[in-house]
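Hi,

Here is the structure we spoke about. Please look it over; my notes follow below.

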Amino acid sequence: AFVDNVFFVVQGREEQIPLYRVASTWAQILSVVMAIPLYASISKFNLLFYWQGFLIFISSILFSIYQFWVLSFDTYMKKAKGLEYILLNVLVGFLVLIASFSVSFLPTESFLRALFIASVLMFGLNYTQSHLKNDINDKLLYQSFFICLLFFAILILFR
């Protein structure tokens, strides 16, 4: 609630305040942290894997839309509009969907699956933010790949 209050103040004043950068970072952290129990709950549903994937896909697009709303107040960031906005949100959803499908058949705990899927969500959100800042580099890609690989290894190790 505090994080959103900062964004509402920024929206009302139409200028950035010093807390904006901290709040935008916390918004991304909280989105990923909230995604973990959400994805674990969806994995627990007695649904076929493609319906679970569809629900995870939709929720990841909603997280991405929220992230775009948060980033829309940043004056140093390119504003994604129209087709670019849609494609970047669908890209995040697609990456998370592929991650969900890739671990849906592994006999493991839904919490471990959710951790891995949330790490892919974190990569997608970081990637789109870096795209809007025009700051995609090898370091970002290697770090994100390592984090996703680490959570995938934990998933495989503790099944």
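The lining of the largest cavity divides into 3 nonpolar, 4 polar and 1 charged residues. (Ala, Val, Leu, Ile, Met, Phe, Trp, Tyr, Cys and Pro count as nonpolar, Asp, Glu, Lys and Arg as charged, and the others, Gly among them, as polar.) The model is predicted: local features need pLDDT of at least 70, side-chain atom pairs count only at pLDDT 80 or more, and totals for chains, interfaces and linings use all residues. Residues are numbered from 1 along each chain as its sequence is written, and side-chain values use heavy atoms, with hydrogens and water left out.

The cavity lining consists of Ser-43, Gln-52, Ile-56, Ser-100, Val-103, Ser-104, Arg-113 and Ile-117. Helix H3 (49-71), H4 and H5 each supply at least two of its residues. The volume of this largest cavity is about 40 Å³. On a 1 Å grid over the protein atoms alone, a cavity is a set of points where a 1.4 Å probe fits but cannot get out; a pocket is an open set with protein on both sides within 12 Å along at least five of seven lines; lining residues have an atom within 4 Å of a point.

Ser-104 deserves a look. It sits in the loop between helix H4 (82-103) and helix H5 (110-133). Ser-104 counts as buried because its relative accessibility is 19%, and buried means under 20% (1.4 Å probe, protein chains only). Its side chain reaches the backbone oxygen of Phe-101 at 3.0 Å. Beyond neighbours within four places in sequence, Ser-104 is in contact (heavy atoms within 4.5 Å) with Phe-49 and Arg-113.

The largest pocket holds about 300 Å³ of space. It is lined by 16 residues, and Gln-28, Asn-126, Gln-129, Ser-130 and Leu-140 are the closest to its centre. Helix H2 (20-44), H5 and helix H6 (138-157) each give two or more residues to that lining. By class, it has 4 nonpolar, 9 polar and 3 charged residues.

The second largest pocket has about 150 Å³. Its lining has 8 nonpolar, 1 polar and no charged residues. Among them are Phe-116, Phe-123, Phe-145 and Cys-148. H6 gives the most, with 6 residues.

As for the fold, the protein chain has 6 helices and 0 strands (DSSP runs: H or I, at least four residues, for helices; E, at least two, for strands).

Best wishes

Terms used
Buried means under 20% relative accessible area, exposed over 50%, partly exposed in between (1.4 Å probe, protein chains only). A polar contact is a pair of N or O atoms within 3.5 Å; within protein, one must be able to donate a hydrogen and the other to accept it, and residues adjacent in sequence count only if both atoms are side-chain atoms. Grid points are joined across faces, edges and corners, and a volume is the space filled by probe spheres set on the points.
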